[in-house]
Amino acid sequence: MHKIQTGKIQMKKKYSGIKIIGKVYKQTLGIVPFSGIVGILNYLAQGLFPAVTTIILSKLFNSVYDKHYGDMRIYGLLFVLSYAVIYILQFVSSITINAGIYEKCTSMYRISISAKTAKMGLIQFEDSEVLNIQKRAKNCVDQEYLSQIYMSLTVFITCGISVVATIAVLGTYHIGFVLFSLFSVIPFYIARVVRGKEFYLLKQKQASQNRKLNYYWSLFNQKQSAKEMRVMGSGSYLFKKWIMQRDEVNEEIWQYNIKDATSLLLCDILKIVGYMISVALALLLVTRHSISIGVFGACMVAFKSTQEATKNFLIELGYMPQKFSFAGDYYEFMDLPEESKGDKDVKEFNKSIEIKGVYFKYPHCEDYALKNVNLAVNKGEKVVILGINGSGKTTLSKMILGLYTPSAGEVLIDGCSIGDMNKEQLYRYFSVIPQNFTKFLLSLRENVTISDLTKAFDDLAVADTIKQVGGEDILTVNGGLDCQLGREFNGVEFSGGQWQKLALARGIFKDGQIMVLDEPTSSLDPNMETEILRLFLKLCEKKTAVIISHRVGLCKFADKIVVMKDGMICEVGNHATLMSNNGEYRKLYEAQECWYK
Amino acid sequence: MIKYMFKSIKIILCNAFLGGFLKILQCVLVAIMTPLSIVITQRLVDSIERYHGGYIDYKGVILYAALLFVALLVITGNGLLDNVLSVILKRAVNNKLTFAIVQKFLKIEYECFEDSDVADTIKRMGEAPQEKILDIFLVSLNIIAQLISIIGTALVFTQVSIWFSVAFLGILVPMLWIDYRAMTIMNTIFDEQSEEERRLSYCAGLLEDKNSLLELKISNAVKYILNKAKAINNKVLGERVKTTIRSQKYFAVSTLFVIAWAAFVVMSLGSAASKEMISIGIFVALIGSAGTLLELSQNLSRNFANLSRQCLNIRHYYNFLKLPEAKEVISINDICFPRIEFEHVSFKYPKTDVMVLKDVSFSIEQGQKVALVGENGAGKSTIIKLLCKLYKPDSGYIKVNGTDLQDIPMADLKKIFGVAFQDYVCYALSLRENVALGDVEKINDDESIKRALKDGLADGLLEELTNGLDSNLGKIEDDGVDLSGGQWQRVAISRACLSDGSIVVLDEPTASLDPIAESDMYNAFSSALKDKGCLIISHRLASARLADKIILLDSGVIAESGSHEELMAKRGLYCKMFENQSSWYA
């Protein structure tokens, strides 16, 4: 437990705000260099705009005041020109920002998450921390936080430039205006110190509280719980409980919100004071003829735009910690270790699979799921792995497939350790029909041929395979092999049995040398189950096969029976020897026999 | 849209009058400030000029300076007021409206939950429809405020000439329309998921799910799916960029409008000033506010686009409120030791054509153990749903001690039976609550709860937990203990055992057990519940052997019924199924 926590802290340190900004900029400029630069240039120009207009306007106002109408035309034209430049620039960058920085980058990030996930080892999917971080990383991409960070920083820079430039211009009129700058800038720092942290805490607090509320809410609108509430009359109890929880949570959030609002009050007061002192100063100067009326008018416009800049800055700042924390999740996720590809070339399978002293533990689990497992599967053998739920059967099959790496011990194929073997070549050995098979909502063709895409367009082989599993009814669907499956995509909808047959067809379409069958799901009714098991036995006649089951009846067909209990192999042998052993197998056999005698 | 606007305003005012009223006041005040601050700036500049000319003394200048300060205070102070008011409003809306929403959830007829249209409505309504009402209220107020600002600004402009105001409105109206169009187009990107986008997220899902990834890895097809996802992604991106550019075309036109407006302002004010028709104050104030046009137009059209989007959303909430509610009947008498009878019951699910049950008749006597077996889709679970009054038979009767089930109030069902459904709920609450939800009156009756745990074979669990009955289960509370599938199951069965009803109904709550473990459990269970009747559903026939009576359903019809021995002797469908299953076990 302690180790995990220190690891986490290191992770968080690894991605400070500055680091994240650096990464976001590098990544964004890598994907969309043109849009990225145009976006920045635009904001730089926007930042200078208030200062430039202040100068132009002061000249324009003075020319009108002094009745120099020639000058007025020139400055008027300049004013219109500066407007035109800034709005055209804004328009152009708005296209590049929306299409490039938001759309293109987000779609790249999205794909990067899928690509990363596919590269991870299957075992990592058993780790709830990995799943959580993946979920948060996806959220980060869906909410476009990375693109937002890119843009937020430019907004900061813009605000900074606009404030500094405007102050510089005002300073040339009177040094006293620099004082005003202090009042505009100080709230920035106060806000950063006070709000930044507070806001982050609030968001964290809300996240866990909201999870609780959302849970109660889901009880009211999901059919499973709605059913129980009606039949058991438990609705009113849960309702009261929810109200209490809600009031408690909301009260806390509101307390925070009020605190948050009052912390902003200080910034606001400073802002107003700064604004007022500036106006008062400008008034004083203009009445004493220290500055012209034109400059005074321009100052009024400049004050207003500086206010806008401050406001935008504060708003952006408030969201930053949250965005950073999401972006940190994204980068943390992208840093997760990946499955090694293995570099040893794989030859044809010709002797045996050996499992030697294998121990295995799932992430964050104290107990071993496999303990000192030793087993050999020779070429051509049919091996049935038997045991009750949770005895480690499926875990063992994943070891054989090279999908999980043993915590200790090793799995050898023809004497070569499975961990070193080139994964892509290794996987060619196996035809697999997993326990939780997938219903691919793709074409019928893809559903079968995805196991061996080299034969994807061999229509005859595909049709043959489907017939082999007794799926004549599948072949008669409209649209033939290329029809879309699944109602979600306006395709053909299959029954559970038809999907099961497709999974079987997919498994045998690939002509692997070793067949692995994990118990078809328990939701099948008895007749269907029998049909499918018989079929499978027929199909693996000439192959090496590993079958996982809790049905002792299957064992009559096996060359070798492996009985598992609590992660250990407790017996190996054929039916006759194991029955005479008087051990676990016999116990299982008799227990099952008695129910079906 | 207008209807929803006023409906929201009404709802907010009814539920939070003071907050709502203050919010309206604040919006109007800020709205007036926009044109007002132009006028004040103008007067201030003019007064300075006249002070310079010696026409007035400094008091005239100070008056307008003071007014300007007030205006500034209102505008800046607005931020704080805004925060506080939104907290107040959100609080009121959350407290009052969510109450009503949950009440509604509790009252609607159960069949709505299984209707995919209703599920869609509930999903689209979202988790916080009450906040959407508040959003519409706020957007509506903003729109009204902005309209006030526009009219006020146009009025200020009449100082130059009436034509100046006309030009202002003349440019603003088409700009509003153009911006609105552009934003509506952009909204479609966010709101509507195209088929391609759904395909994309499906393919991404295949790569992110441990079960599909297993198959893809072994098949070396990860790259194939990844490339497929990339191809769809490019297509989607192309579409979205196209849409973005299409909407930006509108913005291009609106940009031209703004530049034209700036040119017009400078030119007409310049010529008016050179003819000395306007004061320097007007010149300064109006040039300074040239940018206001763009701001006003974009804000207003953004709000309109927002409103039309929100109104689309809020429709689902109002549809939800219209869902039918279950009628309650009044309890007539106490029911004990009932005999349950199905008399010629036929049933089809709403909006479907297939008869799921056809003329089903059977009875369960007091203390009898009955097993309901049959293939998937034979109608087993439907019988339970009818028995639980979640649906009504299309014809025939279900009678409890001779009383029609429809005349028995929902609240009395727990006096007749306790149920563990196939998809029982794992409540992330305490163990006590998990059991007591079967009959909440017994929440503090430790003895009954412990007995129920014993009957449900979960007394071992109680000993394992450190806080006993009050241990939190599930992952929501920090100290919650997550149970295994088998343990949750036992808790669910204990819940069914708590009720005073004389029959326990078990609708296959044992899917995560293997067949033999299931039979063992039912065996232990039926001996623990000696006095009670029992209705067990399973497609595993080993479990059915225990029953006094087996009812075999085949496509909605009772095909066979009797004891195990009788049915085996018949050599019918039951016998065939039993032999098929037993072939794997011996």
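Select A:Phe360 first: its bridge partner in S2(A) is A:Leu370. The model is predicted, so to speak of local features requires pLDDT of at least 70, side-chain atom pairs count only at pLDDT 80 or more, and totals for chains, interfaces and linings use all residues. In residue selections, numbering starts from 1 along each chain as its sequence is written, chains are lettered from A and ligands numbered from 1 in the order in which they are written, and side-chain values use heavy atoms, with hydrogens and water left out.

**Stop 1: the hairpin of chain A**

Helices (H or I, at least four residues) and strands (E, at least two) are DSSP runs, numbered from the N terminus. Two strands pair if DSSP finds at least two bridges between them. S1(A) and S2(A) form a hairpin with six residues between them. In the turn, select A:His364, which has a positive phi of about 60°.

Next, display strand S4 (residues 408-413) of chain A, which pairs with S1(A) in the antiparallel sense over five bridges. A:Lys356 can be selected together with A:Glu410 in S4(A), which stands opposite.

**Stop 2: chain A as a whole**

The C-alpha trace spans about 115 × 55 × 50 Å along its principal axes. The radius of gyration of chain A is 35 Å, whereas a compact globule of 597 residues would have one near 25 Å; the value is taken over C-alpha atoms, and the globule rule is 2.2 Å times the number of residues to the power 0.38. Of the 597 residues, 56% count as buried, where buried means under 20% relative accessible area, exposed over 50%, and partly exposed in between (1.4 Å probe, protein chains only). In chain A, 76% of the contacts between residues at least 6 apart in sequence join residues at least 24 apart; a contact means heavy atoms within 4.5 Å.

**Stop 3**

Select A:Phe303 in helix H10 (residues 293-334) of chain A. A:Phe303 counts as buried because its relative accessibility is 0%. The C-alpha atom of A:Tyr275, 28 residues apart along the chain, is separated from that of A:Phe303 by 7.0 Å.

Move to A:Thr438, in the loop between strand S6 (430-433) and helix H13 (444-449) of chain A. Its relative accessibility of 11% is why A:Thr438 counts as buried. Neighbours within four places in sequence aside, A:Thr438 is in contact with A:Arg506 and, in chain B, with B:Leu206, B:Asn211, B:Ser212 and B:Glu215.

**Stop 4: the four-stranded sheet of chain B**

In chain B, select the open sheet of four strands with the order S2-S1-S4-S5 and antiparallel pairing. Strand S2 (357-364) and strand S5 (403-404) of chain B are the edge strands, each pairing on one side only. Strand S1 (residues 340-347) and strand S4 (residues 395-400) of chain B pair in the antiparallel sense over five bridges. B:Glu343 stands opposite B:Tyr397 in S4(B). H12(B) packs on this sheet, touching S1, S2 and S4 of chain B, and its direction makes about 115° with that of S1(B). Axes are lines fitted to C-alpha atoms, for helices over the stretch in contact, and angles run from 0 to 180 degrees between N-to-C directions.

**Stop 5: the six-stranded sheet of chain B**

Now select the open sheet of six strands in chain B, with the order S6-S7-S8-S3-S9-S10 and mixed pairing. Strands S6 (417-420) and S10 (557-562) of chain B stand at the edges with a single partner strand each, so one side of each has no neighbour in the sheet. On average, neighbouring strands of this sheet are turned by 15° against each other, direction ignored.

Strand S3 (residues 369-374) and strand S8 (residues 533-537) of chain B pair in the parallel sense over four bridges. B:Val370 stands opposite B:Leu535 in S8(B). Helix H12 (residues 380-387) of chain B packs on this sheet too, touching S3, S6, strand S7 (503-507), S8 and strand S9 (549-554) of chain B. Helix H17 (residues 485-498) of chain B lies across S6 and S7 of chain B, running at about 170° to S6(B).

**Stop 6: the nonpolar cores**

Finish at B:Phe417, one of the residues with the most contacts inside the largest nonpolar core, which has 172 residues. Such a core is a set of buried Ala, Val, Leu, Ile, Met, Phe, Trp, Tyr and Cys residues joined through side-chain atoms within 4.5 Å. Not counting residues up to four places away in sequence, B:Phe417 touches residues including A:Val231, B:Ile340, B:Leu387 and B:Val505. Another core, of 167 residues, lies apart from it, and A:Leu481, A:Leu485, A:Ile561 and B:Ala544 are among its members.
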